[in-house]
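Q: I would like to learn how to read some local features and packing arrangements from a structure. Can we take them one at a time?

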Amino acid sequence: GGGFGGAPGEPRIPVPGHGAGLSCRPPGMARQGSGAMLASGGLGFPPQNLARVVVWEWLNEHGRWRPYSAAVCHHIENVLKEDARGSVVLGQVDVQLAPYVIDLQSMHQFRQDTGTMRPVRRNFYDPSSAPGKGIVWEWENDNSSWTPYDMDICITIQNAYEKQHPWLDLSSLGFCYLIYFSSMSQMNRQTQRKRRLRRRMDLAYPLTMGSIPKSQSWPVGTSTGTPCSCPQCLLVNSTRAASNAILASQRRKLYPGAVRQSSTFAGTALWPVGTGTVAVAGGTTKGEGLRVPGGAFAPSQSVPGGVPLPGLNNLNRPGTQRGAGLGTRATVPPGVPALPVKNLNGTGPIHPALAGMTGILMCAAGLPVCLTRAPKPILHPPPVSKSDIKPVPGVNGICRKTKKKHLKKSKTPEDVVRRYIQKVKNPPDEDCTICMERLVTSSGYEGILSHRGIKPELVGKLGKCGHMYHLLCLLAMYNNGNKDGSLQCPTCKAIYGEKTGTQPPGKMEFHLIPHSLPGYTDSKTIRIVYDIPTGIQGPEHPNPGKKFTARGFPRHCYLPDNEKGRKVLKLLIVAWDRRLIFTIGTSNTTGESDTVVWNEIHHKTEFGSNLTGHGYPDPNYLDNVLAELLAQGVSEATLKD
């Protein structure tokens with residue numbers, strides 16, 4: 001029910017005529033005002049002589065590009081004009097961003113108190129779009145504060161708002177949400193949870209016409225050309241000065257008599273994207289590794305005495321082999337002193353900010369640094385012999401295969417709609433939430449969809465929940481869905497009939513293994529293995545006839561072998577048979593479209609740890625997944641049937 005955590009896959013509501021909502025274009029089609037994709041790790045430039053709005057964005061842990069505010073983007077652009085290889089101290093313009101520095105050369109954001117680094121990019125949008133007008137769309141999060149939408153979604157919402165569409169369906173963009181402008185709310189199509197949204201005016205994002213001035217020496221103040229005296233700048237300046245002094249000393253040792261200008265130091269240029277741990281080299285010290293998310297630079301070669309070979313500190317030259325040492329260990333000369341630098345999680349005696357700067361300085365100075373890896377999630381159990389694999393008690397079989405189910409010819413769309421509704425002779429003067437026309441008037445689909453026996457003014461009431469709609473609207477919604485003989489109320493999500501999904505053909509295996517999950521030491525473990533091959537999309541999928549990919553299969557998932565765990569397994573088998581576990585859409589992790597993705601029923605794919613959030617211990621998981629299954633129409637009553 002959060003902002004953008006849902007997987008796509010529900011049928012899109014069709015686009016009605018006058019006064020109707022907007023259904024987003026399928027993934028892959030160009031959207032007006034969408035951003036230009038930029039090559040990773042470099043500044044982007046708009047076409048010459050074409051004004052574009054500049055939005056700086058950072059990459060979050062879910063693979064989504066999140067926009068900085070307009071004020072921050074203006075600040076970054078001002079620094080960029082002065083020095084294209086400089087660093088931007090975000091705390092100068094927003095006190096909440098005080099720990100953050102952007103290195104323009106490596107295009108990374110660095111958090112000084114934790115060492116976390118994230119890629120940033122300079123993106124461009126049309127001046128007539130939302131960022132060019134200073135319009136921001138936000139949703140209310142669980143802390144009752146407001147979170148801005150991703151910029152492409154903000155632009156899509158604004159476009160629909162300007163065209164006076166009453167609602168907007170975001171499922172085509174990879175999110176199972178509906179936006180209702182009349183109530184200014186966002187609704188999760190799967191869980192029915194609603195959140196408030198708002199539209200506010202802010203500073204317009206900066207405009208640019210193409211190239212930027214040549215770089216100058218760093219640092220440069222925002223207006224006077226003098227270094228800033230704020231604590232963040234002082235910390236960065238002192239780090240730069242210290243590192244330059246060390247580099248100059250190393251060069252004098254390597255090249256006696258040679259005079260070289262000190263390179264501009266950018267701390268974040270040391271780490272390519274990834275995750276790793278910088279461990280200080282040395283004998284038998286008990287000092288722990290220095291964890292720097294984003295990986296670390298480790299020279300793959302060294303000479304006696306720990307002096308790096310020429311070329312390893314070309315930190316500011318794009319194209320140099322900064323990551324040449326990744327995946328290998330540096331040769332550590334004997335006698336190199338070990339520095340007791342603790343982890344950056346704040347548990348050690350050294351302040352995390354000092355630890356982070358120490359790691360940067362050590363790399364810059366060419367000190368031997370060994371690359372080790374951060375703790376890895378334990379995804380799989382120890383090897384299990386075939387003789388130890390047993391059927392799950394109380395569950396029939398060990399495997400289920402699915403193929404596409406075809407709708408019986410006897411069930412016409414009209415038959416399905418009439419089966420679940422009761423005609424209303426005198427409807428109330430309320431909106432039909434499908435076409436957004438009044439129930440006392442004709443359906444918004446009049447003239448677009450015609451059907452014998454269903455007049456556009458006919459209104460029906462769904463039996464269980466009592467919500468009322470035009471019959472023609474319900475028929476249009478059904479025709480645009482999976483056509484499986486079931487209806488789902490678009491208001492309360494009550495399911496009529498047996499809801500099925502669009503999961504491609506595949507195989508589900510389940511069995512018992514003699515190992516315990518964290519938090520369930522007294523129980524064995526149920527292992528589920530899903531396997532779906534690549535194939536061609538059917539008529540129920542986003543792009544019929546087009547190939548879809550299936551990444552990461554077979555996928556292994558785990559449940560505790562107790563009463564509730566077995567109940568969840570039985571319901572997951574029902575959901576699998578109904579093709580509800582997976583769907584075809586856009587991956588929230590990679591952004592790839594036309595690929596097999598999870599469909600709002602969460603699974604635990606991490607066996608022996610919970611580093612990714614998809615593992616154990618998690619005492620609420622079984623209850624949560626039962627609620628998710630119920631939202632798909634899979635309940636305990638299903639098992640009794």
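Q: Where is Pro617 placed?
A: This is a predicted model. In it, Pro617 sits in the loop between β30 (595-598) and α9 (621-631). The peptide bond that joins Tyr616 and Pro617 is cis, with omega about 5°.

Q: Which residues does the cis peptide bond with omega about 0° join?
A: That bond joins Phe553 and Pro554. Pro554 belongs to the loop between β27 (547-548) and β28.

Q: What is phi of Lys493 near?
A: Phi there is near 70°, which is a positive value in a residue other than glycine. Lys493 is also a loop residue, between β22 (487-488) and β23 (495-496).

Q: How are two packed helices described?
A: The description uses the angle between their axes and the distance between the axes. Here, helix α6 (residues 413-420) and helix α7 (residues 471-479) have axes that come within 10 Å and cross at roughly 125°. Angles over 145° would count as roughly antiparallel and 65° to 115° as roughly perpendicular, so α6 and α7 are oblique to each other. Their crossing is right-handed.

Q: Which residues of α6 and α7 meet?
A: On the α6 side they are Pro413, Glu414, Val416, Val417 and Arg418. On the α7 side they are Leu471, Leu474, Leu475, Tyr478 and Asn479. By class, this contact has 7 nonpolar, 1 polar and 2 charged residues.

Q: In what order do the strands of the 3-stranded open sheet come?
A: The order is β19-β20-β21, and the pairing is antiparallel. β19 (421-424) and β21 (468-470) are the edge strands, each pairing on one side only. On average, neighbouring strands of this sheet are turned by 40° against each other, direction ignored.

Q: How many bridges join β20 to β21?
A: There are 3 bridges between strand β20 (residues 459-462) and β21, and the two run antiparallel. Within this pairing, Lys461 stands opposite Met468 in β21. α6 touches β19 and β20, and its direction makes about 80° with that of β19. α7 touches β19, β20 and β21, with its direction at about 85° to that of β21.

Q: What is the strand order in the open sheet of 4 strands?
A: That sheet reads β18-β24-β25-β28, again with antiparallel pairing. Its edge strands, β18 (399-402) and β28 (555-560), each pair on one side only. Neighbouring strands are turned by 20° against each other on average, direction ignored.

Q: How many bridges join β24 to β25, and which residue stands opposite His511?
A: Strand β24 (residues 506-513) and strand β25 (residues 525-531) run antiparallel and are joined by 7 bridges. His511 has Arg527 in β25 opposite.

Q: Which helix lies across β18, β24, β25 and β28?
A: Helix α8 (residues 563-577) does, running at about 170° to β24.

Q: How many salt bridges does a search of the whole structure find?
A: The search finds 27. One of the pairs is Arg52 with Asp126, whose closest N and O atoms are 3.8 Å apart. This pair links distant parts of the chain, 74 residues apart. Arg52 is in strand β2 (residues 52-59), and Asp126 is in the loop between β7 (117-125) and α2 (130-133).

Conventions: Residues numbered from 1 in each chain as written. Predicted model: local features only at pLDDT ≥ 70, side-chain atom pairs only at ≥ 80, totals over all residues. Heavy atoms only, no water. Axes fitted to C-alpha atoms, helices over the stretch in contact; angles between N-to-C directions. Parallel < 35°, antiparallel > 145°, perpendicular 65-115°, else oblique. Left-handed = near helix turned anticlockwise from the far one by under 90°. Contact = heavy atoms within 4.5 Å. Nonpolar A, V, L, I, M, F, W, Y, C, P; charged D, E, K, R; others polar. Pairing = 2+ DSSP bridges. Salt bridge = Lys/Arg side-chain N within 4 Å of Asp/Glu carboxyl O.
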